[in-house]
Every structure is written in C-alpha cells, then in structure tokens.
There are 4 protein chains.
Amino acid sequence: MPKKLSTPLIIVNFKTYLEATGKKAVELAKKAEKVSLETGVSIGVAPQFTDIAAVASATDTPVFAQHVDPIAPGSYTGHVLADAVKEAGAVGTLINHSERRLKLSDIDAIIRVACEKNLVSVVCANNQTVSAAAAALNPDAISIEPPELIGTGIAVSRAKPEVVLDTVKLVREINQKVTVLCGAGISRGEDVAAALRLGAQGVLVASGVVKAKDPYRVLREFAEAAKIQEKQSLEG
Amino acid sequence: MPKKLSTPLIIVNFKTYLEATGKKAVELAKKAEKVSLETGVSIGVAPQFTDIAAVASATDTPVFAQHVDPIAPGSYTGHVLADAVKEAGAVGTLINHSERRLKLSDIDAIIRVACEKNLVSVVCANNQTVSAAAAALNPDAISIEPPELIGTGIAVSRAKPEVVLDTVKLVREINQKVTVLCGAGISRGEDVAAALRLGAQGVLVASGVVKAKDPYRVLREFAEAAKIQEKQSLEG
Amino acid sequence: MPKKLSTPLIIVNFKTYLEATGKKAVELAKKAEKVSLETGVSIGVAPQFTDIAAVASATDTPVFAQHVDPIAPGSYTGHVLADAVKEAGAVGTLINHSERRLKLSDIDAIIRVACEKNLVSVVCANNQTVSAAAAALNPDAISIEPPELIGTGIAVSRAKPEVVLDTVKLVREINQKVTVLCGAGISRGEDVAAALRLGAQGVLVASGVVKAKDPYRVLREFAEAAKIQEKQSLEG
Amino acid sequence: MPKKLSTPLIIVNFKTYLEATGKKAVELAKKAEKVSLETGVSIGVAPQFTDIAAVASATDTPVFAQHVDPIAPGSYTGHVLADAVKEAGAVGTLINHSERRLKLSDIDAIIRVACEKNLVSVVCANNQTVSAAAAALNPDAISIEPPELIGTGIAVSRAKPEVVLDTVKLVREINQKVTVLCGAGISRGEDVAAALRLGAQGVLVASGVVKAKDPYRVLREFAEAAKIQEKQSLEG
C-alpha cells in the first residue's frame, strides 16, 4: 500500500452516479480529502475514468480507477489501459466489482499489470469462496460484497456478519498479506465499526455516501467510527 | 453533425497506444487541430477515456470517446456513461469498433443514448451486411473497417474497393442520412483520395497516424488529399 | 423454408424448463407433432442442445437449436457447432434470443453459417429498429419479442400491437423475403390470431405452452386460431 | 470421483472437431472404452452437447460435458443446464476451458451446481496462480493447460515441467482433495508418463487423440504409459 493508504481504509466508489460525475466528482473528492485531513483516516475515491485526472489534480485524495483491462499498450479500442489511469493520477484500481464481473484469467492478468505499474489492486468478491480464490491471485486488497445487499442500506457487517468473518478467515489461510475490506449497504458509522470488529480493515462504500444528502457528514461519521473502533481494537 | 464536423471527415483513433496516451494525447490532438486549421478539413480525435477532458480543454479539435456503454446514470461500476464523456468535452463516440464489438441490442441502445445526449454516433462495421444492419439503427455515421486490414498499412480503399462501394450502396438503400466512413490500413494520401472516390465521406485512421514518425506530416497529407479529391468531385 | 415449415408457423422454445428437458422434451415434441398433424399448421420445437437428437429421431416435428456459435469445426470447447446440431437432426436455429443476446458481427456470421449448412435462421429482436437491422442480414425469419413481456402472459400482439405492425413495416422495407414472427406473452388462441392480423406470419412461444397444465390443449388452441385467421385473411 | 473415474485419469476433449462429431463421436468413445477395458486405465470423453446422449447410451465410457452454465432450470434460452447434461448421461463437466473462459463468480456457481447434481467438476486453468485460485473453489479436479501449448504437439509436461510442478504444489497448499490433471500438447506416451512423474494424476487431451490417424493406438499408448508410470511410482 502506498503511504496515503493506511488502514482502516475507506474507499468511495462513485459508480456512474450523476451526483459524482464531472465537477461533482471533484467536489465530492474534496469532501473526502477534508474528512481524511480532519480525522487522519485514509479515504480513497473511485471516480469514472473520465474524471480521474481532474480529481487527482484537484485533490490529494488517493484515486482508484473503477476497472482496468488486462491489456498492454497497443491496438485496443475502447479499453482502459493501466498506464493511462496511472498517468491520469490513479494510485490503484477496483477489479471485478459485482457490476463489472470478470473472467478468472483476466482478474489474474489485471492484478499482474497493476503490480507492474505500481497500482494498488482491490479485487471485489461476491462471497467467501470467491474471496478465497481471489486471495490466491495475490492482490493488494479484497473487498467482500454480497451483491444482494449492494445499494440497500442494509449493511453486510450487520446483516451478514458471518460472510465477513468467513472471508477474513478463508483469505488469511491462503494469503497473510492481503488487506480485507467489506462493502454493501454500509450507511452508518456503526456499520463501519461492525466491519472492523469482524476483522475487516476497511470498507468500500458507494450510494451510502454519494447519494447522501450531506456526503461530508456521512463520511465524517464513517471515519470517526473507524478511528474509535481502531483505537479500541489496539487497546483491547 | 455539429458545426466542426463537416465532410470530408478524418477521425484519428488513439486506441491504447502509448504514443497517444496522457500528455502525448494532447500533443497529437494539437497537431490534428493545426492541420485542420491549415487545410479547412475536419479532423476529430478519439483518445482514451482518461484523456478526453485534457484533450477537449487544450484544443478545439472535436473529441470522440472510443466507446460508451448503453446505460443511464446509476449503479454501474467500471462503465462509461454518455453524460460523463459529454461533460468531459466529447462531441461524439465510436461504437462497436472491431476491437470492442458489441451486442446488436446494445448498439441500438447506445445510439439512442448518444442521440439523447447530442453525441455524434459513429458505428464501426466489419463488412457490408453489418454496415447495412447498422444503417437501420439510424446512427450519424458508419465506418466500414475489414478487421483483417486493420493495422496492416494495406488500405481498404485500395485493396478492397468493392467493400467500400458495396457498403455505400447498401447503406444508402436503407438510410440516406448516415455519413459513411471507411478505415483499416489507411496510411497515405492516395488511400484517402481513393476512399472518397469510392463514395466514402471520410476515413477512420489509427496506427497510420499515431505510429507515424511524423504524425503532423501524415495528417497533413491525408487532409490535402481529401481536400483535392473533394474539389475534383464537386467539379467533376 | 423447408417443406415442413410453412406459414403460419408456431415455434415452441423449450428454454431450460425442466418440463421440457430429456424425456419430457420428447413427450412435448410428440404433442406438437400431433397438433400439427391434426390441424395442418406447421409447428417447430426448440429443445435444449442435449435433447435435439432424441426429439428429432422420435418425431417428425421440425427441430430448432436454441443457439449456434459463429464457428467452423475445430478447436472450440463448449461451443455449439452448426454441423453438430444439423447431424443431430435440427432443421434450423434460433439466434440472438433476449436470453442469449449476441454481438452484431456474430449474428451476421451465424446467419451465414446457418445458410451454408441449410439451417433455417430465426433471429430474435427486442424492438422494431433491431428487427430492421436484423432484416438487413438476410435471415430466413425474424421474431420480434419485447423482453419486458416475455413470460408474463401479456401478449405482445394485444398489449403492443404497434410493435408488431412497425416491425412488419420496417422489415418489409428492407427485406421482402424474410418471415416475420412475434413472441412474448402469447398464451391464448386469440393472441395468435391477433399476431397474424397484425401481419406476423407466426409466433414464437415458450412458457405459455411449456408451463401449461395441458400443453396439447394450448397448442391445439393456438393452431386452430392460426388456421381460422389464415383462412379469413385469404378470403378477406 | 465416481467409481469409473479412478486415477490415473485420461480425459479426451472432443471440442468441435468433425472427427469427433455425431456418429464419429460415438465411434471414438467406443475406442476409448476398449482401451480402458484392455488396460484398466480410466478414460473419460467430453463430446459436444448434442452428442452426450448418444455417446452415453452407446458406451460405458464416462462422459463429460464441455461446459455447463451457472443456471437453475427456467427461462434461459441457448444455455446448458446441469440437469439436462446429467439426464443425457454425463457424469461430469469441464469448466473454464481456455476456449471458453468464464467469470470467476460463474466458475464458483457452476462448481456448486455440479456438486448439487453430483457431476464431477473439472476446472481448467491457464497458469499456476489461476490453478491455485480454482483450488479455493473446491472443484473435484483442476487441469492446468498453458494456452500457448494447446494443439501444438509440444507437451506441457516436457516443455514446461515447472508449470505442472508449481501447480501441484500451489493447489496442494490450498486444497488436499482436488485431483490435478495437466494438458496441452500431450501427444505421446512419454508425455503422459512425464505428467504423472511431475505429480499430475492424469491428463486432458484433445487433438493429440482426436486428430490422430489411429486414435485407438494413441490412446492405448497413453494408457500403457500411465499404467507403467503409476506402477513405478507405487514401487518407487
């Protein structure tokens, strides 16, 4: 993980929400930066490809691509090149999100490309066994996200704690070094705290922040909860 | 077609070539702009998603996305939203390039989305019947590109003139309004002239320009040839 | 169209319903054969790949594959070869069903392969413009099926008559020879009659027959309705 | 593994070769059965979907599908249902062959479906890390096949022994129970022997047998080599 990406880590996926497109992507990233500076909690953002450069140049917030393709530079039209997202200012990329599922061999190839280009690889997984499989591919991080909870406001860390627990356990058996995040339905500070108590080292969030009336306030709540939980864990 | 996009039209597809990524994408777009200003020939560029905003803000060159997805704003991770490429400054988009082939129903949906967002839709087709099918979907333009000639330097307009002729004929029978371009192997001015003589209204080029030692010189040659041929056609 | 496939034509898509898998596929095909013999109306069936041979050898019912791949014989694992469905006894194939949408260039390639192998090609389309595009590819038949009505029991021919009318009109402008079918929600004889009155030459049905308590009775109702409507049209 | 599938195991992938389609699929399966009876070595065959029933009813050879889809019975047109290949007589299925690569989450889902239906799951993997990932999904078997060697006649077990060795090691660390096969380029008895010496428990072959002048002789050579090597290993 690069310096700015310590755990507990919060990553905000902007998806293709209009509330986080273009100028609004930059504004939201600035709010994330503010919360990170105020709380000391690491917060990354994953805007659309077209917004990576603007977000990366306007803020110090670590920027992730939402996807890259398993390709080298060359004759690929309409593809996303790791070199290009890197030059635009990204420090990492999401891979295999439930809304952009990939072939197993492509996930493997993308993790290699990301590693070569020094991009942090965050592989999303829809359940425990898929998380375990992803761990064998040596990404930097895995985010377990049960697709049925995405966008519901029902937090994985509270509605399906066993999914997070099992994932942490299975992933650890295969790979000690990978960072484990969880996501889906995270919408309150206590959801974040619950995630950390279950062994996750951070959260991947989207609508809970992007669609919130006051994204700054929500992110601040998330970061505070993460900070307090982290402190309790270290003391406990 | 928007004002800046008159025919004959040259579109340069930057693909994921490193020679046309990041800063180099902006430099190449500036060369295209220079040639367009010097010759009066319309030249568009299709950089990677991450470079659309920089190219559009640094030049007056009409910018095309290389692809957009058939989606509305919302929960789509790693997708390309028409609204986002529009806000980044694009005036149009390639659709269904041979290196990014799409489902028929998705091409139909993307053309609709492009139309709603006032983006020029350029559908690529691999042969004559596919061009005819694409014409029935009412895009702004169709580019016929035999995939076996892409990147070879053997120009479609000279090696397979019947493909261009047939495409123009079949497309015209179905749709009078669509602009017909051709591409694949275009590398010299005479290839461009030959394309226009066959009834194409422009060319879609990539490696012939991007990988050239002197892209400015090649583009200038293309534009001059297009201009002369256009003049001869009007007089003839 | 081969001899056994006259219009009006009813094709029953068995999908992957257990009610039409294995032995039950053969039983259902025999019911279709019985109705066809009794009424003189042409009825085809589209069982799963694994059931094509058994259905084709046990009945005289014309058998369609539900899909074939755009490939020649060779190194393709897990693909469906036109030669193989032909040797198994199929006389045609569905292409691009809403539940198996295909790339435009692949639809074009599959129609060519089907034509070479003397297989009747039935391209499914989700709306009018896609139907028109499909017509330009010269298939034997097109079936318009609005996906939102599939499996609902709300018949396209009664809920969206304009979709069928427009499709017939647009397809005819591009291609005089193609047979036009319609599908989605067809569950009663009057739905079939309505389809024919709108200019369709037959119907593509699935759950309305396969999931019926008495598939024979439903098919018989469909065939009778088709026969009466056909007679009225000829007299009218 | 069902009774007929002991190790060392040879699986012959018929792909979409005309030499192994329709009647010729049955003939080739009979040769495999003959060799298996003569040598006592377990030999499975993976014919096309359309040929599964005929092969399974004409021989005692264990039959594998080349692919199944991650679906339950229902509204899926052109898909391959586990229940259907099972009823047709298959005892297992290949999954994720290099010529039919699948999404990670789909491989996971297919393995579950196969397990429920009591079908032996053989997941193909293109390299060592992908093999390790597949092992975490608990299939019955994994076959490591470097795609660049498929169909070349250059055996993986001789040209890239480290790939087989690493795969066996990595897979064993994650999953003790999974059977490890290897494939690509296997064309002589010594290739099979080499594979077993490296720790593989069998081979997945295709053109080396299917395209051979005398498939019976080649399969016999493979089986003899496997038998001798197995004996030496037990004694050694």
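I looked up the contact between chains A and B in this predicted model, and it takes 36 residues from chain B and 36 residues from chain A, two residues being in contact if their C-beta atoms, placed from the backbone, lie within 7 Å. On the chain B side, helix H2 (52-58) and helix H3 (82-88) each supply at least two residues, and H3(B) gives the largest share, five residues; helices (H or I, at least four residues) and strands (E, at least two) are DSSP runs, numbered from the N terminus.

I note the sources here: residues are numbered from 1 along each chain as its sequence is written, while chains are lettered from A in the order in which they are written. Local features need pLDDT of at least 70 and side-chain atom pairs count only at pLDDT 80 or more, whereas totals for chains, interfaces and linings use all residues.

I then checked how chain A relates to chain D, and a rotation of 180° with 0.0 Å of shift along its axis superposes chain A on chain D with an RMSD of 0.0 Å, by least squares on the C-alpha atoms of residues with pLDDT of at least 70 in both. That is the relation of a two-fold axis.

Turning to chain A itself, I found 10 helices and eight strands, and its C-alpha trace spans about 50 × 40 × 30 Å along its principal axes. Buried residues make up 64% of the 236 residues in chain A, a residue being buried if 20 or more other C-beta atoms, placed from the backbone, lie within 10 Å of its own. Among contacts in chain A between residues at least 6 apart in sequence, I noted that 67% join residues at least 24 apart.

Notes: Buried ≥ 20, exposed ≤ 12 C-beta atoms within 10 Å, placed from the backbone.
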